[in-house]
Amino acid sequence: MSENRTNAQADNPGFRHNWTREEIRRIYRQPLPDLLFSAQRLHREFHDPTRVQFCRLLSIKTGGCPEDCAYCPQSAHYSTAVARGGLLPIEEVTEFAGRARSEGATRFCMGAAWRQVQDGQDFENVLEMVRRVAQLGMEVCCSLGMLDEKQAERLAGAGLTAYNHNLDTSPEFYGQIITTRTYSDRLRTLAAVRKAGITVCCGGIVGLGESEEDRVGLLHQLSTMNPHPESVPINALVSVAGTPLGNQEPLDPLAFVRTIATARILMPASMVRLSAGRRALSREAVALCFVAGANSLFIGEKLLTTPNPQPEDDVAMLHALGLEPLPLR
């Protein structure tokens, strides 16, 4: 599926990679009905509007991260309820992936609280995890921090479908959220992933205290990549006690919807994924996200370490909306 979307971008001369911030600002600020109409029209051109891809995310190595991301309870810089642990056993991860597949997930994502990939036994084990999950016929995604070209090539050889490395926010606001890794560091990792032939999963977080202009800046960075990221996760901040953003004011849900709709218009063939923060949204707000062009969500009780809607609640919601899971291919 991801490969087909990459080909769709290559074959469609109408895709743009030269959006200006002013153009994106105008799209984002449209009257909401007009914005949703434009997004839904493009969504229907490139995707089945009745299908939603289920993804499952597992923390394969939790806590103790040396990065100082202000939103993250896994950072070693902050005192939170998250306990530090080592890399999970290969068999445990494989069994978890099998259960996710039986629950309807067609994409399995593995996240490790590392600053960067280090060669050694842990990385060898991750490569084996990738092989095992790929054998289940699922899309396989990893989020392991920074990596170099050789490591990206080894992940590609193991069967990795996608690599997640979010930009988080605009270049201008980035320094207020993280100081231990630069924006350029993130872009270099994405370049290594793309060079290895792995599809890119790259999005950001809204509700960090950023301005509307910062949301425009994030979308500008994503939509001027060539090709566009095949996967664009849009997260709403989950405020966690003990982190610098633990008392952040809740995000206006309509700002979240506007971000998704604008992403769909700018990157029509990409999978736009509802990621963290769904528990803070009403069912009606989530419905608007699907109207805005979202076509993927993460299932399961938690995402890495933060809570997620209960599976039965997701089933009931999708049934009420007349949506169905994307089948395994």
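This is a conversation about how a few features of this predicted model get their names.

Guide: The model is predicted, so local features need pLDDT of at least 70 and side-chain atom pairs count only at pLDDT 80 or more, while totals for chains, interfaces and linings use all residues. Residues are numbered from 1 along each chain as its sequence is written, and side-chain values use heavy atoms, with hydrogens and water left out.

Visitor: Why are helix 11 and helix 12 called oblique to each other?

Guide: Helix 11 covers residues 283-291 and helix 12 covers residues 311-321; their axes come within 11 Å and cross at roughly 60 degrees. Helices here are DSSP runs of H or I with at least four residues, strands are runs of E with at least two, and both are numbered from the N terminus. Axes are lines fitted to C-alpha atoms, for helices over the stretch in contact, with angles from 0 to 180 degrees between N-to-C directions. Angles under 35 degrees count as roughly parallel, over 145 as roughly antiparallel, 65 to 115 as roughly perpendicular and the rest as oblique. Helix 11 and helix 12 are therefore oblique.

Visitor: Which residues make the two helices meet?

Guide: From helix 11 come Arg283, Val286, Ala287 and Phe290, and from helix 12 come Ala316, Met317, Leu318, Ala320 and Leu321. Contact means heavy atoms within 4.5 Å. By class, that gives 8 nonpolar, no polar and 1 charged. For the classes, Ala, Val, Leu, Ile, Met, Phe, Trp, Tyr, Cys and Pro count as nonpolar, Asp, Glu, Lys and Arg as charged, and the others, Gly among them, as polar.

Visitor: How do you know whether alanine 192 is buried or exposed?

Guide: Check its relative accessible area, which is 5%. Buried means under 20%, exposed over 50%, and partly exposed in between, using a 1.4 Å probe and protein chains only. So alanine 192 is buried. This alanine sits in helix 8 (residues 183-195). Leaving out residues up to four places away in sequence, alanine 192 touches Leu147, Asp148, Glu149 and Ala152.

Visitor: And what about aspartate 168: buried or exposed?

Guide: Its relative accessibility is 2%, so aspartate 168 counts as buried. You'll find aspartate 168 in the loop between strand 4 (162-164) and helix 7 (171-174). Aspartate 168 also has a positive phi of about 75 degrees, although it is not a glycine. Most residues other than glycine have a negative phi.

Visitor: Why is the pair of phenylalanine 96 and phenylalanine 108 called tilted?

Guide: A search of the whole structure finds 3 aromatic pairs. Phenylalanine 96 and phenylalanine 108 are one of these, at 6.0 Å centre to centre with 50 degrees between the planes. Rings of Phe, Tyr and Trp (its six-membered ring) pair if their centres lie within 6.5 Å; planes under 30 degrees apart count as stacked, over 60 as edge-to-face and the rest as tilted. The distance qualifies as a pair, and the angle makes it tilted. Phenylalanine 96 lies in helix 4 (residues 90-102) and phenylalanine 108 in strand 2 (residues 107-112), so the pair ties together parts 12 residues apart in sequence.
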